[in-house]
Amino acid sequence: MVTREQIKQTLDRIYDREYGDGVTEAKLVEGITFWMQNAEYPFDVIETLVEAVYELSGKPHNALGWHAEPLRDEWSYTGEIAFVLVDAESGRCLTLQRSDRPETEACISVALPITTEEEAVDAVAYFLRLLGVPVEGLEGAAS
Amino acid sequence: MITREQVVEALERTFEGLSEAGKPLTFVEALDHWTERGCGGDCVAETIMRTVAILSGRELAWYCNPMVSEDLDAYPYPIAFVLVDIPTQRCLTLGGVNNTPHVTFSIGTLDDAVAAVGYFLSLLGIAVEEELLL
């Protein structure tokens, strides 16, 4: 069972390892804040989230296919990132959401808000659940 | 066998059916807007994928991402496309060394758009004229 605290620690450890200066400890929340304040493409935030999913799920890097796009309105980023996640072995799109209503089209991306540390943890928990990894607080949730 | 003419007609017809406010009159005009000003890429991409769905008759879902950047010299910007077959849930555009779910095309002309439609139809196993292929 993966806990939220584990997710939080993993995110910060990866962010510090990949984007820290080696002197002061870097935290993911700094990357998120910088993205929102400076409207720069959040490569570091996306890469950290994805890497945390690999680490916590135990999946090798060739097991998943990702597409991620920070969403924008007319002026700036909205704080949401659209993700498409595919199981590379089966080719199955894990983020596909079918609708029971014929007038509603199926959607293959999920847009997740990533404006705080808690939302980043929620996003990782969401992807872990899609991969069948039990997450604290989401034990009974349907994928 | 799907011909180039069929694809061109289908693209225009599909574009006409889009209910986007303030859109250009024709698909070719929409391509011009996209190529010259970098706007309306969503409309261009959506038209291409809806055309694929119509011509194939298959139950498909897609995600399109016009990759607009600040670089004004980069027109036309590439568009990333993800295509999923709904009944099998399979991502048909999955590939490459990193298992990326998307393929990317620069759609600047009608020929580019036709070629993209041809590519997706061939992914779906639908026979297309050779000149449609990229």
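Modeller: Start with contacts in chain A. Among those with a separation of 6 or more, 54% join residues 24 or more positions apart.

Biologist: What makes two residues a contact?

Modeller: Their C-beta atoms, placed from the backbone, must lie within 7 Å. This is a predicted model, so local features need pLDDT of at least 70, side-chain atom pairs count only at pLDDT 80 or more, and totals for chains, interfaces and linings use all residues. Residues are numbered from 1 along each chain as its sequence is written, while chains are lettered from A and ligands numbered from 1 in the order in which they are written.

Biologist: Which elements does chain A have?

Modeller: Chain A has four helices and three strands. Along the sequence they read α-α-α-β-β-β-α. Both kinds are DSSP runs, numbered from the N terminus: helices are H or I with at least four residues, strands are E with at least two.

Biologist: How much of chain A counts as buried?

Modeller: 34% of its 143 residues. A residue is buried if 20 or more other C-beta atoms lie within 10 Å of its own, exposed if 12 or fewer, and partly exposed in between; the C-beta atoms are placed from the backbone.

Biologist: Take Glu46(B). What makes Glu46(B) partly exposed?

Modeller: Glu46(B) has 16 other C-beta atoms within 10 Å. Glu46(B) lies in helix H3 (residues 41-56) of chain B. Leaving out residues up to four places away in sequence, Glu46(B) touches Leu18(B) and Cys64(B).

Biologist: And why is Glu5(B) given its class?

Modeller: Glu5(B) has 10 C-beta neighbours inside 10 Å. The limit is 12 or fewer, so Glu5(B) counts as exposed. Glu5(B) sits in helix H1 (residues 4-17) of chain B. Its C-alpha atom is 25 Å from that of Glu36(B), 31 residues apart along the chain.

Biologist: Now the helix pairs. How do H1 (residues 4-19) and H3 (residues 43-57) of chain A meet?

Modeller: Their axes come within 9 Å and cross at roughly 125°. That makes H1(A) oblique to H3(A). Angles under 35 degrees are roughly parallel, over 145 roughly antiparallel, 65 to 115 roughly perpendicular, and the rest oblique. Axes are lines fitted to C-alpha atoms, for helices over the stretch in contact, and angles run from 0 to 180 degrees between N-to-C directions.

Biologist: What is the handedness of the crossing of H1(A) and H3(A)?

Modeller: Right-handed. In a right-handed crossing the near helix is turned clockwise from the far one by less than a right angle; anticlockwise is left-handed.

Biologist: Which residue classes make up the contact of H1(A) with H3(A)?

Modeller: Seven nonpolar, three polar and five charged. Ala, Val, Leu, Ile, Met, Phe, Trp, Tyr, Cys and Pro count as nonpolar; Asp, Glu, Lys and Arg as charged; the others, Gly among them, as polar.

Biologist: What makes H3(A) oblique to H4(A)?

Modeller: H3(A) and helix H4 (residues 117-130) of chain A pack at about 45°, with axes 10 Å apart. That angle makes H3(A) oblique to H4(A). The crossing is right-handed. Leu49(A), Ala52(A), Val53(A), Leu56(A) and Ser57(A) in H3(A) meet Ala120(A), Ala123(A), Val124(A), Phe127(A) and Leu128(A) in H4(A). By class that contact has nine nonpolar, one polar and no charged residues.

Biologist: Why are H3(B) and H4(B) called oblique?

Modeller: H3(B) and helix H4 (residues 110-123) of chain B pack at about 45°, with axes 9 Å apart. They are therefore oblique to each other. H3(B) passes H4(B) in a right-handed crossing.

Biologist: Last, how many residues join the two chains?

Modeller: 16 residues of chain B contact 18 residues of chain A. On the chain B side, E1(B) gives the most, with four residues. That side divides into ten nonpolar, five polar and one charged.
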